[in-house]
Structure formats: C-alpha cells, structure tokens
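The following exercises are to be worked with the sequence and the structure at hand. Each task is followed by a solution in steps.

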Amino acid sequence: AAAPECLIIVDGIQHASHGTVDVRALGIDGYAISPYKVFSRHGYGVGWASDRLTALHRETLAGAPVGTWELGTRDAGSYATFSKVVTYFDWLGGRFTAATDRRARLEAAAKAISSQEAALAEVMLHGTGNLGGLATMRGVTIIGGSEGAREGVISFAMAGLPAAEIVSRLNARGLRTHVRKDDYYSGNVLKPLGLAACVRVSYSHYNTEAEVTQFLAAMHEIAAT
C-alpha cells in the first residue's frame, strides 16, 4: 500500500512442506521453493511468478515469446519428481476429505499437516502425561521461547553440555538431530544470544507422538547426568 511499485518475492521453502501455500491470496509477485525440502530431490527449484513480474524486462533469448523464462532445455526429471510430490499430497488429502477436486484435496492435506505438526510441537515443548517437555527441563534454553507458532523445527541449548555432545548421545539412542553452529548459516541468530551452538530437532507430519516421547525420555536421561 505504501509503495505500489514494489515487487514482493517470497522465499517460501521453510513453510512449503508444513501447510497451505496460496500464492494468489498472499498478494505477492513471486514465490520460490527448494523442492528437496518438500520430499523431492536436490538440484532444481520451483517458482511462481505473477503476471506483473513476468511482464518485467529481463534477459531472454532473442526472439523468445513474451513470458518465457527458460534460457535452455528444461530438466524433465525435475517435473517428474515434483509431480510425485503433488501426487502424494493429493493422496494424503484424500484421507481427510471426500472431495473429488484436486485443489480441495491439496488444501485438506495442508490443513492435516499443520494440525499434526502443531500437536507434535506441543508435546515436544510442554510434554505429555507425566513426561515433561523441553520447556520444563532445568538449564534448557529454547531458541525463540516455548510459546508461539512453530513449523518443523525446535532448537535448544543446554547449560553445561555442548550441543555436539547432546547430538552424539541422541544418535547413540537412535534419534537423529543436528548441530547448528555459530557460522554463516546460523550465526546471525546464535551470536546475539551468546551461544556457540544449539541442537536442532526437525519434525514433519509423518512423525508420531511416540517418536517425540522417545526423544523426550532420552533428553530427560541426558539432563539427569
């Protein structure tokens, strides 16, 4: 509203596998994702461009049709792999709606994914039954705090125990997590917090509450030592 000439292009990959993506409803000009973070393979990207963005002058092949973005041959394998992703979401949505329209099934899948992941995050942070979550553990700092919306990642540090040691102990229990260091990827977050590293726990809709409770039980054992 303040600058009508402004183009808004969204790097949407951190959200794309965790819920609804409705590019037209966002009022943006471009949306780009890295499909390897949406259950596909590395080495290509998927993007959406508005008519306004498509109409802008840009480098193209001489004599190419208006609206053409390609500068060479398309990778057919990229379309094949991402088509399988869409087919999966279509199938998943069919488990939650009787609709025959594909868009309706995709929307149902996104809603179910959001609901499942929110439930997993709630258990990981606040626990279940008599098993406390990360937020209840003494000496644990949760990056971003224990309240508010989460999508796919919870990161934390524990006083007196390096992140790499926590990850190693979890790996020994069959639980795969990752270290995020104060480097060019994560330093802009960790440096202001005075942290050299943290543990990143990733989860997706295919994970279960039983897996989260297994992780919490392991963390309680680690904290006790």
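## Exercise 1: Trp48

Trp48 is partly exposed, with a relative accessible area of 24%; buried means under 20%, exposed over 50%, and partly exposed in between (1.4 Å probe, protein chains only). The model is a predicted one: local features need pLDDT of at least 70, side-chain atom pairs count only at pLDDT 80 or more, and totals for chains, interfaces and linings use all residues. Residues are numbered from 1 along each chain as its sequence is written, and side-chain values use heavy atoms, with hydrogens and water left out.

Task: State in which strand Trp48 lies, and list what Trp48 is in contact with, leaving aside neighbours within four places in sequence.

Solution. 
1. The strand is E3, residues 46–49; helices (H or I, at least four residues) and strands (E, at least two) are DSSP runs, numbered from the N terminus.
2. Contact means heavy atoms within 4.5 Å. With the neighbours within four places set aside, Trp48 is in contact with Val23, Arg24, Ile28, Asp29, Gly30 and Tyr31.
3. For Val23 and Trp48, the separation is 25 residues in sequence and 7.8 Å in space, C-alpha to C-alpha.

## Exercise 2: Ser17

Task: Determine whether Ser17 is buried or exposed, and identify what Ser17 touches beyond four places in sequence.

Solution. 
1. Ser17 belongs to the loop between helix H1 (13–16) and helix H2 (23–26).
2. Its relative accessible area is 6%, so Ser17 is buried.
3. Not counting residues up to four places away in sequence, Ser17 touches Lys37, Val38, Phe39, Ile113 and Glu117.

## Exercise 3: Helix H8

Solution. 
1. H8 (residues 209–224) has 16 residues and reaches 22 Å from its first C-alpha to its last, close to the 22 Å expected at 1.5 Å a residue; the expected span is 1.5 Å times one less than the number of residues.
2. An α-helix has 3.6 residues a turn, so residues three or four places apart point the same way.
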